[in-house]
Amino acid sequence: MSLRIYNTMSGKKEEFQPLIPGKVGMYVCGVTVYDYCHIGHARANIVFDMIFRYLQFAGYETTYVRNYTDVDDKIIKRANERGISSKALSEEFIQAFDEDMASLGLVKPTHEPKATEYIDEIIAISQTLIDKGLAYEAGGDVYYAVDKFADYLKLSKRNMEEMQAGARIAPGEQKRNPMDFALWKAAKPDEPNWPSPWGAGRPGWHIECSAMSSSLLGDSFDIHGGGRDLIFPHHENEIAQSEGASGKPFVKYWMHNGFVNVNQEKMSKSLGNFFTIRDILQQYDPEVVRFFILTSHYRSPIDFSDQNLIEAQAGLSRFYEALLSADQMLAGATDEQAESPLGEELEARFREAMDDDFNSAQAIAHLFEGVRTMNRLCATKKFKKRVDLVAQVRDLRQTVLKLGDVLGLYNSEPAVWLEKVKFAGLEKLDITLDEIEQQIEARLQARAEKDFAKSDQIRDALAARGIELLDSREGTSWKLK
RNA sequence: GGCCCCGUCGCCAAGUGGUAAGGCAGAGGUCUGCAACACCUUUAUCACCAGUUCGAAUCUGGUCGGGGCCUCCA
């Protein structure tokens, strides 16, 4: 079974056939850098990071471009409010973005261009569009004449007449048609600007993505992604610009990730109900956030809530606990080698899930099954001497790690990760590590004396304070309840 | 008003024509001094109604409920 991708353009899953066999060009709209990233950005970037990793895993030589839009009305406005330059503001938030993405465990895209580095290309495309009669200059602005592009609204499937009914021309704009959009805006005082054939000015929103994608991936490429909210107007306008200028098909597969809701309600800047990545990482481990996001399909809406994240943490802990116990069981196990089909079988199921429009939720479900098998084998009597079982656990462990890496998961040292989460949770409880260890010691003493009443009393008291004890042959450890 | 999406076990969440993955929580069991952990077993006919079909959660029509886009937004 080969890779199938849901294409927003057709509204269907399609067999993935890249323009050049074996190679993929993918462009994903990045952020406008004027504020800290919120969890919606986290989702979009994690999703496409997963897609990028899987494309490579599936054998495609993938060029992944994710831009920074560093010139824009909102940047100018925010910079003016803070009394700093647009450049200083955008640099600050580019750095913040990079930090956030690194903490979420994202790999670097192949290219991370900035809009301001592509001003020449932006001007060239705008000029081409004017030359072709698709755009016009008016008072130092350049606008795209949407009624000249026959395919306009083909991605968002909207109706021009109805769109026009609600559209307005803002004061100061020189549009012929309210639906027209700016490719270039004449500079106002104190705005960043560049010289152009139409006078000093700056790019409009949308044109930068056409310029950067064609420069780095060519006029036609395979995958273009972003959040659903970018379908209109941003991606629609990109199509008009790029296909209008080049005369070639722009993008083969359009991919859009679903929204993040907070308490069933869309999270948005205008509603003010958004959390930044930094807020969330105060509360939860970054890998828990990533795990939570990937346990839903990328096109479904997800609901950010404490309960959901706590459950995600429990699920991810299950993986690390299994990996830890597998490591411990394998440590003293026989060195003899044996065949094991389990890893290969797991990988086949994983690929099948991921080939179906990157169904990471299904893929993780298969990995959970791998974990259960691993736990079951490890619990078998005389495990360490059973050559076949040891080989199977080795195989499964290695496969879970390998496939986890495709999702950007399970990269930590199990013991270290579990400790980290445990101590982070401990801080929220009214108990100290010393206390816990003292109580464990006291209980061990009681048990040695067969004073089980006292032993159980200590255990119950700790449980009431949120600490669960685990006895094993090696001794007693504890975890958060 | 126009366009679009969704409604699957207590909760989260896969599944788009052949009689419902997985996780969390719950129940029973194995293990245990007793527990916890782990493992085993177990828990749904898919909002509702009508239709197409040998057969539908999956297709069509309708009803109810929720949400999104149409303005900056991942």
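## A walk around helix H12

Start by selecting Val371, which sits in helix H12 (helices are DSSP runs of H or I with at least four residues, strands runs of E with at least two, numbered from the N terminus). Before going on, note that this is a predicted model, where local features need pLDDT of at least 70, side-chain atom pairs count only at pLDDT 80 or more, and totals for chains, interfaces and linings use all residues. Residues are numbered from 1 along each chain as its sequence is written, chains are lettered from A and ligands numbered from 1 in the order in which they are written, and side-chain values use heavy atoms, with hydrogens and water left out.

**Stop 1: Val371.** Val371 counts as buried, at 1% relative accessibility (buried is under 20% relative accessible area, exposed over 50%, partly exposed in between, with a 1.4 Å probe and protein chains only). Show its contacts (heavy atoms within 4.5 Å): leaving out residues up to four places away in sequence, Val371 touches Arg318, Phe319 and Ala322.

Stop 2: Now select residues 360-378, the 19 residues of H12. From first C-alpha to last, H12 reaches 27 Å, close to the 27 Å expected at 1.5 Å a residue (the expected span is 1.5 Å times one less than the number of residues). Its buried residues include Ala363, Leu367, Gly370 and Met374. Look down the axis: the buried residues of H12 line one face, because they fall within an arc of 155° (taken from the directions from the helix axis to the C-beta atoms). To see what covers the buried residues, display helices including H1 (39-57), H10 (306-331) and H13 (387-407).

**Stop 3: salt bridges.** Next, select Asp356 and Arg4, whose side chains meet in a salt bridge at 3.0 Å, N to O (a side-chain nitrogen of Lys or Arg within 4 Å of a carboxyl oxygen of Asp or Glu). Asp356 is in the loop between H11 and H12 and Arg4 in strand E1 (residues 4-7), 352 residues apart.

Move to Lys420 and Asp285, another salt bridge at 3.0 Å, N to O. Lys420 lies in helix H14 (residues 414-426) and Asp285 in the loop between H8 and H9, so the pair ties together parts 135 residues apart in sequence. Lys420 is partly exposed at 43%, whereas Asp285 is buried at 11%.

Finish with Asp35, Lys77, Arg78 and Glu81, which are linked in a network of salt bridges.
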